Amino acid sequence: MREPGDLQALRAMSARVGRNMLLVQGAGGNSSVKDDDVLWVKASGTWLSDANEKDIFVPVLLPAARAALAGDDERIPLAAPGPLRASIETSLHALMPHRVVLHVHAVNTIAWAARRDARDEFASRLEGLAWRHLDYFHPGLPLARAVGAIVAQERIDVLILGNHGLVVGAETCEQAEALVHDVETRLALPVRTTPPADEDGLHRLCAGTDYRLPHDAESHGIATDPYSRAIATGGSLYPDHVVFLGPGLPTVEGADGLATLLARAQASGLPAPIAALVPGLGAVIRSDASPGAEAMLSCLALVTSRLPLSAEISYLSSQHEQMLLNWDAERYRQQVTASRG
Ligand SMILES: [Zn+2]
């Protein structure tokens, strides 16, 4: 299959964006370029940060991607046979009229997009851009349909996805990347300093259990800061949190708190929580947690520390959480991410 000239630029831009934790965490985010009737889009479960070293882009025919919206089939056939699947958000990329589309989980955008009281702020901070804000929609076809209804009516370059993230469209990779940075600068929020972790206390708590300390020390802030902890235990803010960490985050109280947590999960037939918060001490994560889960804990620290005390938080409903947990396309994405060498 003939590669368009700017596929190399897409790889370089995607790798840059993917390595910036403030824009993309783990397998999140995706990007694409259109070339005649072919859409080159990130493969499901691959990491943007790997774009320079691995073949993470797959070709699909634009008519096929657009046709998927009419039916209910989330699997869009590749234009050239290969082992990977196209991104869950392929239809969204196909619907945007721009040559280059970039979707990120940028932390300032997410912090605003997880609030009920952000409408006026969006209007003043994004003035001059062609932008729209959407409510939360389940990723994949439901989100693509909502985006399709908007872009069918007017040229929109910036989409703020409620409880999810940011989509931008542009004619070049450089313009798309610059637009993401522009939006994030406009939406920048002060970061609350969180108290340090008690790592000795956490090591004592984890001794002899299937839990350990997360690799990113910043993650502890979710547990040591009372307000971040209240947000994190109150529910789920965005889809990838549910997919990689489960709904919300439990807290651990007392010396045998981890045992209680496990017993409680077992009694309700649930797997052991992937991560938990120990008030005042820090965060713990299951010893077998994937890099994708680690990245989601980091993301939650970055988002919660940007939510001010006055924010009116909007959580995903339990129905939305269940849709994410019982979604085949997501299971596939997690498997690919888990097997990332
Ligand atoms: Zn997303």
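**Rings, burial and a zinc site**

Guide: W112, F122 and W131 form a cluster, linked by ring pairs. This is a predicted model, in which local features need pLDDT of at least 70 and side-chain atom pairs count only at pLDDT 80 or more, while totals for chains, interfaces and linings use all residues. Residues are numbered from 1 along each chain as its sequence is written, and side-chain values use heavy atoms, with hydrogens and water left out.

Visitor: How many aromatic pairs does the structure hold?

Guide: There are two aromatic pairs.

Visitor: Why is the pair of F122 and W131 called tilted?

Guide: Rings of Phe, Tyr and Trp (its six-membered ring) pair if their centres lie within 6.5 Å; planes under 30 degrees apart are stacked, over 60 edge-to-face, and the rest tilted. The ring centres of F122 and W131 are 6.1 Å apart and their planes stand at 45 degrees, so the pair is tilted.

Visitor: What makes F122 count as buried?

Guide: Buried means under 20% relative accessible area, exposed over 50%, and partly exposed in between (1.4 Å probe, protein chains only). F122 has a relative accessibility of 3%, so F122 is buried. W131 has a relative accessible area of 17%, so W131 is buried.

Visitor: How do you know whether S49 is buried or exposed?

Guide: The relative accessible area of S49 is 14%, so S49 is buried. S49 is found in the loop between β2 (38–42) and β3 (57–61); helices (H or I, at least four residues) and strands (E, at least two) are DSSP runs, numbered from the N terminus. Leaving aside residues up to four places away in sequence, S49 touches S14, A15, G18, R19 and R340, contact meaning heavy atoms within 4.5 Å.

Visitor: Which residues of helix α8 are buried?

Guide: In α8 (residues 199–206), the buried residues are G201, L202, L205 and C206. They cover an arc of only 130 degrees around the axis, so they lie on the same side of α8; the arc is that of the directions from the helix axis to the C-beta atoms. D200 and R204 are exposed on the other side of α8.

Visitor: What makes H103, H105 and H164 donor residues of the zinc ion?

Guide: Donors are N, O and S atoms within 2.8 Å of the metal (3.2 Å for Na, K and Ca); water is not among the atoms, so sites may look incomplete. The NE2 atoms of H103, H105 and H164 coordinate the zinc ion at 2.0 to 2.1 Å. H103 lies in strand β4 (residues 100–104) and H164 in the loop between β6 (158–161) and β7 (165–170), so the pair ties together parts 61 residues apart in sequence.
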